[in-house]
Every structure is written in structure tokens, then in C-alpha cells.
Amino acid sequence: MSPAAAGIPTIIINMKKSRFPFAFLLSFVALTAHYNVARADEKFIYENCMQHLGGGYGDYLCYGMHATKLNDENKKLAKSLRSARHTTAGSRKQLTKYMRAQDDIVSACDLIVNFVSSSQEELAAHTHIDMYDVLAANCRYTIRKQENEFLKGLRATINGG
């Protein structure tokens with residue numbers, strides 16, 4: 001199968017007129033042949049997206065979907081902890097306070113986007129996903145993952161190990 005038939009873009013360079021050294025071209029081809037590049041018409045696969053992080057919009061989607069899934073799971077864990085047999089009213093209150101604090105921390109992840117915008121007008125005109133949005137999505141995912149691990153540990157402790 002030819003590269004064009006496989007959907008791989010073909011690069012033709014006149015080596016005599018090119019400013020790029022031949023070694024660079026070979027390195028580029030060798031490196032890009034190793035990676036599976038996502039195409040625009042491909043379906044985004046949620047289950048294994050964390051194995052294919054590399055910057056850009058796909059990372060934003062992956063972190064966002066995993067953070068949302070973890071948030072939903074965390075709410076279910078918190079609900080089960082609140083209704084556990086040996087949970088006191090004081091513990092329920094502390095757990096509610098903890099969950100609110102985690103939500104406040106997650107909202108602080110957008111600080112990176114706010115800091116890099118030089119003005120309120122620029123922030124309002126922000127209509128695309130860039131590396132700062134990916135960093136914020138990664139921040140939200142990381143916090144939700146830590147929260148999930150903590151709640152699972154708490155549940156294991158309550159259930160006796």
C-alpha cells in the first residue's frame with residue numbers, strides 16, 4: 001500500500017534547492033513514522049487516550065473526560081461514605097467541607113488561562129483551545145485523581161482495610 005493510500009502525507013523536497021539538510025529530513029521521517037498521528041476524521045477513543053498524550057486538543061479532551069468521570073465517581077464515593085454505618089454527623093460535615101474545598105481548588109486551575117491573558121477583553125475573546133487550556137485541564141484531572149485516591153482510601157479504612 002502506498003503512503004498516500006494509507007493517508008500518510010507525502011513530502012517531496014528538491015534536495016538541491018532545499019535549505020534543510022538531508023539528515024534532518026531522514027530524522028523527521030524516522031520520528032514521524034514511529035507515531036500514530038490522529039487524523040481529523042478519526043473517532044476519539046476515551047479508554048486509551050492517556051497512553052497517547054502529546055499536546056494539543058486531544059490532550060484537552062482526554063484530561064477533560066477523565067476529570068469528569070473521576071468527579072462523578074468521587075460524588076458517588078462521598079455519598080456512600082456519608083451513608084456508611086459508622087459515619088458520625090461530624091465526619092459527614094467534614095467530608096462535605098472537604099468536597100467543597102476540592103471544588104474550589106479545581107476552579108483555581110483556570111488561573112493559568114487568566115494569567116496569560118493580558119486584559120479582560122482578551123480573556124473574553126478566548127475562543128480556541130491552546131496549551132494553557134490543556135494545562136488547566138491537566139490540573140483539574142490531577143486534582144480529581146488525587147481526590148479519588150483519597151476517598152477510596154477513606155472507604156477502605158472505614159470498611160476495615
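Predicted model: local features only at pLDDT ≥ 70, side-chain atom pairs only at ≥ 80, totals over all residues.

Biologist: Let's start with N74: buried or exposed?

Modeller: Residues are numbered from 1 along each chain as its sequence is written, and side-chain values use heavy atoms, with hydrogens and water left out. The cut-offs are under 20% relative accessible area for buried, over 50% for exposed and partly exposed in between (1.4 Å probe, protein chains only). N74 has 0% relative accessibility, so this residue counts as buried.

Biologist: And which helix does N74 lie in?

Modeller: Helices (H or I, at least four residues) and strands (E, at least two) are DSSP runs, numbered from the N terminus. The chain has 6 helices and 0 strands, in the order α-α-α-α-α-α along the sequence. N74 belongs to helix 2.

Biologist: With which side chain does N74 make a polar contact at 2.8 Å?

Modeller: A polar contact is a pair of N or O atoms within 3.5 Å; within protein, one must be able to donate a hydrogen and the other to accept it, and residues adjacent in sequence count only if both atoms are side-chain atoms. At 2.8 Å, the partner is the side chain of N148.

Biologist: E147 came up there. What is the relative accessible area of E147?

Modeller: E147 is part of helix 6, which covers residues 131-158. Contact means heavy atoms within 4.5 Å, and leaving out residues up to four places away in sequence, E147 touches N74, Y98, M99 and Q102. E147 is buried, as its relative accessible area is 0%.

Biologist: How do helix 2 and helix 3 run, roughly parallel or roughly antiparallel?

Modeller: Helix 2 (residues 57-82) and helix 3 (residues 89-107) have axes 10 Å apart and pack at about 165 degrees. Axes are lines fitted to C-alpha atoms, for helices over the stretch in contact, and angles run from 0 to 180 degrees between N-to-C directions. Angles under 35 degrees count as roughly parallel, over 145 as roughly antiparallel, 65 to 115 as roughly perpendicular and the rest as oblique. Helix 2 and helix 3 are therefore roughly antiparallel.

Biologist: Is the crossing of helix 2 and helix 6 left-handed or right-handed?

Modeller: Their axes come within 8 Å and cross at roughly 25 degrees, and therefore helix 2 and helix 6 are roughly parallel to each other. A crossing is left-handed if the near helix is turned anticlockwise from the far one by less than a right angle, and right-handed if clockwise. For helix 2 and helix 6, the crossing is left-handed.

Biologist: What about helix 3 and helix 6: how many nonpolar residues does their contact have?

Modeller: These two pack at about 165 degrees with axes 9 Å apart, and helix 3 passes helix 6 in a right-handed crossing. Residues of the contact include M99 and Q102 of helix 3 and E147 and L151 of helix 6. Ala, Val, Leu, Ile, Met, Phe, Trp, Tyr, Cys and Pro count as nonpolar, Asp, Glu, Lys and Arg as charged, and the others, Gly among them, as polar. Alongside 2 polar and 4 charged residues, the number of nonpolar ones is 9.
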